[in-house]
Amino acid sequence: MAKCTEADALNGKRLGFIGFGFMAQNLCRGFFYKKILEADQITCYDVNQSILQQVVAEKFEGIHISASNLDLINSSDIIVIAVKPNIALRLLAGLKEAVVTSRHLFVSICAGISTRQIEDVLPTNTRIVRTMPNSSVAVGYGVTVTSGGRWALPEDLRITCRLFESVGICLELPEKDLNTVTAISGSGPAYVYTGIDAAGDGGSMLGLPRDVAQKLAAHTLIGAAKMFLETGQHPSALKDSVCSPGGTTLAGLFALEKGGMRALIMETIKSAHDRAKELEELARRGSNI
Ligand SMILES: NC(=O)c1ccc[n+]([C@@H]2O[C@H](COP(=O)([O-])OP(=O)(O)OC[C@H]3O[C@@H](n4cnc5c(N)ncnc54)[C@H](OP(=O)(O)O)[C@@H]3O)[C@@H](O)[C@H]2O)c1
């Protein structure tokens, strides 16, 4: 597993977003905030032109708005495919004859669409990097995993990681692992929200204001995650270190173990993985999901 931290290869590159919705806007905010791209280097296109103009005027002053996806590709070196997965391949297939050249790098953020599927609708030798980000890119704590297609260069993966590191962490893994990644970090925020919600109910059941209980749970989560990441200790060792004999924490853990927490988490990840595989298969067969 390679962590991508190489310094900037983005100087002078022009980046275009096909689709400028939730994910594209959050990425763009990260690029601005971390100053890895100037506004002038960025172009966007979205079918909702009036909303796009308003969003750009209010939040992304100085970036270019393209009149079409075709124009956007013409004026960009790196193209981020940021539309919903069910329209991405059709959209790219429509561009085929036009403007894609060896200078272009396509970076897909579309869940469940393989590099092979994208390669099949674009000219041979097109460089493609597939990414799996999560929604926490919105607050700069995203988790993104990248995989290169057949013709992607090491430089392409470095550039992609450089971009996504502006909104969190970015790792490179083989594409065969992306369904597992989807099941852990892609879908993970929803599992965590459910846990915080449940802690709110538990605290509220015992008389604590629900929002206070939720806040305690959320900060406990951040703190425990930081302890794990920063100490490098095994999670079991960290757990043992806060379980005194006969104490409250072991009493709580006993309830978790009786409820099958570990098996449940493993089952959760496996179920999400299996569903991601199913969706990939449906997309391969061109079925509606
Ligand atoms: N949201 C997440 O947490 C998350 C996490 C990981 C990966 N992703 C991936 O990120 C991608 C984008 O997701 P999102 O949540 O950002 O979706 P989104 O907010 O719906 O943004 C997509 C934008 O693309 C526009 N669009 C539709 N057809 C277009 C076309 N032909 N040309 C240009 N723009 C077009 C959409 O307009 P309309 O609304 O009018 O269709 C919308 O404004 C998806 O492929 C998703 O799998 C999302």
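The following legends describe close-up views of a predicted model.

Local features are reported at pLDDT of at least 70 and side-chain atom pairs only at pLDDT 80 or more, whereas totals for chains, interfaces and linings use all residues. Residues are numbered from 1 along each chain as its sequence is written, and side-chain values use heavy atoms, with hydrogens and water left out.

**View 1. Domain 1 and domain 2 of the protein.** Domain 1 covers residues 2-178 and domain 2 covers residues 188-279; these bounds come from an automatic or database domain assignment. A distance of 33 Å separates the C-alpha centres of domain 1 and domain 2.

**View 2. The buried and exposed residues of helix H2.** Helices (H or I, at least four residues) and strands (E, at least two) are DSSP runs, numbered from the N terminus. Helix H2 spans residues 49-59, and Leu-52, Val-55 and Val-56 in this helix are buried (under 20% relative accessible area; exposed is over 50% and partly exposed in between, with a 1.4 Å probe and protein chains only). Viewed down the axis of H2, the buried residues fall within an arc of 95°, so they line one face of the helix; the arc is that of the directions from the helix axis to the C-beta atoms. Ser-50, Ala-57 and Glu-58 are exposed on the face turned away from the buried side. The cover over the buried residues of H2 includes helix H1 (22-33), strand S3 (42-45) and strand S4 (64-65).

**View 3. Residues around the ligand.** The ligand is surrounded by 21 residues, the closest being Phe-22, Met-23, Asp-46, Val-83 and Ile-109 (a heavy atom within 4 Å). Polar contacts are pairs of N or O atoms within 3.5 Å. A polar backbone atom of Phe-22 is 2.9 Å from an oxygen atom of the ligand, and a backbone N or O atom of Met-23 lies 2.8 Å from a ligand oxygen atom. From Asn-48, a polar side-chain atom lies 3.0 Å from an oxygen atom of the ligand.

**View 4. Val-83 and Pro-85, listed under "binding site" in an unreviewed UniProt entry.** Such annotations may be inferred rather than shown by experiment. Val-83 is placed in the loop between strand S5 (78-81) and helix H4 (85-93), and is buried at a relative accessible area of 17%. Beyond its neighbours within four places in sequence, Val-83 is in contact (heavy atoms within 4.5 Å) with Ile-18, Gly-19, Ala-88, Leu-91 and Cys-110. Pro-85 belongs to helix H4 and is partly exposed, with 34% relative accessibility. With neighbours within four places in sequence left aside, Pro-85 is in contact with Cys-110, Ala-111 and Ile-113.

Technical notes: A polar contact is a pair of N or O atoms within 3.5 Å; within protein, one must be able to donate a hydrogen and the other to accept it, and residues adjacent in sequence count only if both atoms are side-chain atoms.
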